[in-house]
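Q: I would like to learn how aromatic rings and their neighbours are read in a model; could you take me through it?

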Amino acid sequence: MKRILMMVLRNLVMVPYAWIRLCYRAAHVDKYSEEDMYSFLKWIDLHANRGGNVHIDVHGAENLPKKSGFMFFPNHQGLYDVLAIIEASPRPFAVVAKKEIANIPFLKQVFACMKAYMIDREDVRQAMQVIINVTKEVKKGRNYLIFAEGTRSKNGNRVGTFKGGSFKSATKAQCPIVPVALIDSFKPFDTNTIRPVTVQVHFLEPICYDEYKDMKTTEIAEIVQNRIQKVIDDNVPSA
């Protein structure tokens with residue numbers, strides 16, 4: 001990936017220092033508060049984005065719930081998605097990601113620092129345990145991010161089908177659901193270019209438990225998917 005190489009080269013002086021600190025923190029996550037760890041990840045993220053000619057255009061940060069214990073549900077465009085939301089979100093969050101990306105260098109350390117859960121979609125028992133664990137942590141006040149499409153859409157700014165099962169943790173935790181619309185987030189890492197790129201991150205109005213408590217998870221998924229696609233269509237007419 002040309003852009004990743006550019007990010008490294010343009011931050012060459014700080015890369016060894018940052019990498020050592022990242023690896024140490026990833027191996028000693030319990031030594032740091034969530035706020036301190038998130039601040040550190042944002043510091044690395046900002047340097048990477050500047051070095052890689054990536055600008056994050058944030059909209060709707062005022063929509064984030066005042067109280068922690070909510071869940072982000074963004075569309076899934078590429079490997080860069082989480083990094084875009086880290087810079088955009090002023091609030092710490094953890095991630096539920098598929099196990100296939102668990103060993104990608106850098107992302108592996110970032111996910112460790114976030115105390116992320118890696119889900120095995122082929123192991124129903126393990127997947128259910130992840131849902132239970134996330135539910136408990138959201139109830140305690142942690143924020144989580146889940147990609148309801150399950151995998152990258154690979155269709156640019158067209159949203160894939162959101163899966164109802166992805167919303168089980170939210171319904172069990174009875175927490176606010178925050179749809180997140182990502183635009184052009186596939187361009188930094190999933191295209192072979194190093195031209196400057198702007199990634200838009202739109203935090204939509206949260207859907208509170210009282211609004212969805214009588215809905216099936218498939219109905220919630222459809223609502224979130226449609227709201228995200230509408231925001232994308234409004235900002236990218238050709239999407």
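Predicted model: local features only at pLDDT ≥ 70, side-chain atom pairs only at ≥ 80, totals over all residues.

A: Residues are numbered from 1 along each chain as its sequence is written, and side-chain values use heavy atoms, with hydrogens and water left out.

Q: How is an aromatic pair described, and how many aromatic pairs does the count come to?
A: A pair of aromatic rings is described by the distance of the centres and the angle of the planes. Rings of Phe, Tyr and Trp (its six-membered ring) pair if their centres lie within 6.5 Å, and planes under 30 degrees apart count as stacked, over 60 as edge-to-face and the rest as tilted. By this rule there are 10 aromatic pairs. One of them joins Tyr 38 and Phe 93 edge-to-face, at 5.8 Å centre to centre with 65 degrees between the planes.

Q: Are Tyr 38 and Phe 93 buried or exposed?
A: Buried means under 20% relative accessible area, exposed over 50%, and partly exposed in between (1.4 Å probe, protein chains only). Tyr 38 is buried at 6% relative accessibility, and Phe 93 is buried with a relative accessible area of 2%.

Q: Which residues do ring pairs link into a cluster?
A: The cluster consists of Tyr 38, Phe 70, Phe 72, Phe 93 and Phe 203.

Q: Where does the charged end of Arg 25 sit?
A: A charge sits over a ring if NZ of Lys or CZ of Arg is within 6 Å of the ring centre and within 35 degrees of the ring normal. Arg 25 lies over the face of Tyr 32, 4.0 Å from the ring centre, and its charged end also sits over the ring of Phe 40, at 4.5 Å from the centre.
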